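Here is a short briefing on one chain. Topics are grouped for quick reading.

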Amino acid sequence: RRMFFFQMIRRPPRSTQSRSSAASDVYKRQVHGEAGCILESLQQFLSQKGYEMPLDLGAKGSCQIGGNIATHAGGINFVKHGPFRGNILGLEVVLANGEILNMNSKIRKDNTGYDLKQLFIGSEGTLGVITKANIQCYSREKGRHMLFVKVKSFEDVLKLYKLSKRFLTRSMAAFEYFDCYAYESVISSLPNLSLIHI
C-alpha cells in the first residue's frame with residue numbers, strides 16, 4: 001500500500017501550550033508521510049482540510065512525493081512558494097548499506113549543524129532512497145483567477161512579471177509564457193476555446 005499515513009500538524013490551542021512556546025510559536029502547517037504517496041492524492045487530502053501543497057505538476061496523478069523530492073521537481077507554484085527544497089522540513093533516507101538516516105525534523109527554522117537533507121534533494125537516488133518526508137503546506141485560497149495578456153516582445157514579458165510581483169505579491173501563484181506559435185497551436189487544437197480579445 002503506497003499511502004501509509006498522512007497527518008496534518010497544527011498548533012494546539014493556546015490554552016494547552018506553555019506560556020513561553022505560545023509567545024514564540026509560529027502557526028505551522030505541515031504534512032508528513034511516506035514517499036510513495038501520489039502527489040494528487042496528497043493534494044486532495046490537503047484540499048479537504050483547507051490547505052495546499054507547495055508543489056503542483058502536470059504529472060500529479062502518477063508521480064510520487066519521494067520522486068518529486070529526489071528530482072527536486074519545480075512545478076507551477078514556484079513563483080508563489082519558492083523551490084520545493086525550501087519547503088522540505090525533514091527526510092528519512094535509507095542508505096546503500098541499509099542504514100536508516102533520520103533527518104525527519106518538523107522545525108521550520110532549524111539552525112543546528114549541517115542541513116544534510118539538502119544533499120538528498122535533487123540527488124535522484126544516487127546517495128540514498130527517500131522513504132519519508134515532512135513538508136510545509138499552505139492555506140488554500142478560496143478562489144483563483146487567470147489573466148491572459150498579449151505583449152509585443154519578451155522584454156515586455158519581463159516587465160509584466162515585475163509589475164505582477166509588485167502588485168500581486170504572494171497572491172500570484174504562477175506566471176507562464178508562451179509565444180505566438182504555441183498560441184496558434186492551442187487555438188487550432190481547441191477550436192471551442194473562448195478567449196476575450198481586447
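A residue counts as buried when its relative accessible area is under 20%, as exposed when that area is over 50%, and as partly exposed in between. N77 has a relative accessibility of 4%, so N77 is buried. The model discussed here is predicted. The chain has 198 residues, and 32% of them count as buried.

**Overall layout**

- The chain holds seven helices and seven strands.
- Read from the N terminus, the order of elements is β-α-β-α-β-α-α-β-β-α-β-β-α-α.
- Take the contacts in the chain with a separation of 6 or more: 62% of them join residues 24 or more positions apart.
- The accessible surface of the chain is about 13,500 Å². Carbon and sulfur atoms own 56% of that surface.

**Nonpolar core**

- In soluble globular proteins, nonpolar side chains tend to be buried together.
- The largest nonpolar core here has 27 residues.
- The residues with the most contacts inside this core are L42, L46, M53, I65, I69, L91 and I135.
- Two or more core residues come from each of α2 (39–47), α3, β4 (88–94) and β6 (129–136).
- Helix α2 gives the most to this core, with four residues.
- L91 has contacts beyond its neighbours within four places in sequence. Among them are I69, L101, M103, F120, I121, I130 and A133.
- L91 also touches N102, N104, K117 and K132.

- N77 sits in the loop between α3 (65–70) and α4 (78–81).
- Leaving out residues up to four places away in sequence, N77 touches M53, P54, L55, D56, G82 and A173.
- One of these contacts, M53, is also listed among the residues with the most contacts inside the largest nonpolar core.

**Salt bridges**

- Side chains of opposite charge can pair when their charged atoms come close.
- The structure holds three salt bridges.
- K80 and E52 pair through their side chains, at 3.5 Å from N to O. K80 lies in helix α4 and E52 in strand β3 (residues 51–52), so this pair ties together parts that are 28 residues apart in sequence. Both K80 and E52 are buried.
- D56 has a relative accessible area of 14%, so D56 is buried. K60 is partly exposed because its relative accessible area is 27%.
- K117 and D115 pair at 2.7 Å, N to O. K117 is buried, with a relative accessible area of 10%. D115 is partly exposed, at 41% relative accessibility.
- K117 is also in contact with L91.

**Surface patch**

- Which residues form a nonpolar patch on the surface? They are Y114, L116, L119 and L127.
- Together, these four have about 480 Å² of accessible area.
- L116 lies in the loop between β5 (100–103) and α5 (117–120).
- L116 has a relative accessible area of 40%, so L116 counts as partly exposed.

Definitions and conventions. Residues numbered from 1 in each chain as written. Predicted model: local features only at pLDDT ≥ 70, side-chain atom pairs only at ≥ 80, totals over all residues. Heavy atoms only, no water. Patch = residues over 30% accessible without salt bridge, like charges linked within 9 Å, V, L, I, M, F, W, Y side chains within 5 Å. Areas by Shrake-Rupley, 256 points an atom, 1.4 Å probe, with all protein chains shown as cover. Buried < 20%, exposed > 50% of the residue type's maximum accessible area, 1.4 Å probe, protein only. Contact = heavy atoms within 4.5 Å. Core = buried A, V, L, I, M, F, W, Y, C linked by side-chain atoms within 4.5 Å.
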